[in-house]
Amino acid sequence: MLKILLTCDPEIPVPPGLYGGIERIVDGLIEEYCNLGHDVTLCANPKSKVLCKLIGWKGSRSQKPFDIIQNSWQLTRLVYSQKFDIVHSFSRLAYMTAIMPLSIPKIMSYQREPSVKQIKKAVALSKKGSIAFTGCSHYISDKIQPFAEAHAVYNFVPVDKYNLRTQIEKDAPLVFLGRIEEIKGTHIAVEVAIKAGKRLIIAGNIPADKQSYFNEKVKPYLNDRIIYIGKVNDEQKNEILGKALAFLMPIQWNEPFGIVMAEAMACGTPVIGFGTGAVPEVVENNVTGYVCNTIEEMIQKVSLVGSLDRKVIRQSVEVRFNKTEIAKQYLAFYESKVAVRRIKNI
């Protein structure tokens, strides 16, 4: 049995009500770890409702300097007062600053582009061999490896919460689900749907500073075939993804993982996305969807998605992105780091 300390940023409870991919991952890991008998503590939003011990952060903003100091001090006191085997952070790397010189194994998991400057600083401050990193894809971990030990551990989806749909309507829509902003490519999803002659359902939140983008690039095209339904909860997400002809991922940035792609595939729905960031890792080209380079290619692939086997797509998620398997990978990593510490007797 391991005594594990997990951390998550303070803004969103674990699990989240709506948006919050990292918080869902942490919640799933806690469930798996507790079911296996591990002693788990979580530092997170005080309103979190988890199976393990919960320590609510005192600082509520991960970007606010005073809150960073508060949470760093809180984490430091916790580590000094209890004999944890490992600290696994899904929150700010800065929170671990004061414990970096300690021999306790520390893992920092990145779900976004890592800061090389911060990684170098963390390695310099840490006791040799005590800190390591994971990325949610090889795209992320490969950026860290030149400077520190790093491994790719994919995200997972709770597959049992998504219903496989092997049959869809003849005029099934395309779906875009995500934040409504330019880097997510909502406007491209609209263009693809129009030129492919397909219906489109757009779901997701509009950030306050992106309202003008929505008003200019998306809203003028809304009609009875291209509709915007706003934010969706898990039940609604399962419904619209499952009934879709395909999920569009016309991303305009290097996507670190894109968990919504795995959620769509859990419903048996193929993904059509641009091949940036981790998209080629998540989507098996010609099996679970299509990886494209241009808008024209994306439009062309819309006519081909019906030939993909939705059962095979679902099975791919069950094998590659299931909660139990990902938890095992993290636990194996923990145990390897703990074993090294025990051998060194430190």
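Trainee: Across which strands does H8 lie, and at about what angle does H8 run to S11?

Mentor: Please keep in mind that this is a predicted model. Angles are taken between N-to-C directions and run from 0 to 180 degrees. Here H8 lies across S8, S11 and S12, and its angle to S11 is about 170 degrees. Helix H5, residues 186–196, lies across S8, S9, S10, S11 and S12, and runs at about 170 degrees to S9.

Trainee: In what order do the strands of the open sheet follow one another, and which are the edge strands?

Mentor: The six strands come in the order S10-S9-S8-S11-S12-S13, with parallel pairing, and the edges are S10 (226–228) and S13 (289–292), each of which pairs on one side only. On average, neighbouring strands of this sheet are turned by 20 degrees against each other, direction ignored. As one example of a pair, S8 (174–177) and S9 (200–203) are joined in the parallel sense over four bridges, and Leu177 has Ala203 in S9 as its bridge partner.

Trainee: Which helices each supply at least two residues of the lining of the second largest pocket?

Mentor: For a pocket, one asks about its volume and then about its lining. The second largest pocket has a volume of about 360 Å³, and H1 (21–35), H7 (234–242) and H8 (259–266) each supply at least two lining residues, with the largest share, five residues, coming from H1.

Trainee: How many residues line this pocket, and of which classes are they?

Mentor: The lining has 19 residues, of which Arg24, Asp27, Pro158, Lys161 and Asp234 lie nearest the centre; by class, ten are charged, seven nonpolar and two polar.

How values were computed:
Residues numbered from 1 in each chain as written. Predicted model: local features only at pLDDT ≥ 70, side-chain atom pairs only at ≥ 80, totals over all residues. Heavy atoms only, no water. 1 Å grid on protein atoms, 1.4 Å probe; cavity = no way out; pocket = protein on both sides within 12 Å on 5 of 7 lines; lining within 4 Å. Points joined across faces, edges and corners; volume = space filled by probe spheres on them. Nonpolar A, V, L, I, M, F, W, Y, C, P; charged D, E, K, R; others polar. Pairing = 2+ DSSP bridges. Contact = heavy atoms within 4.5 Å.
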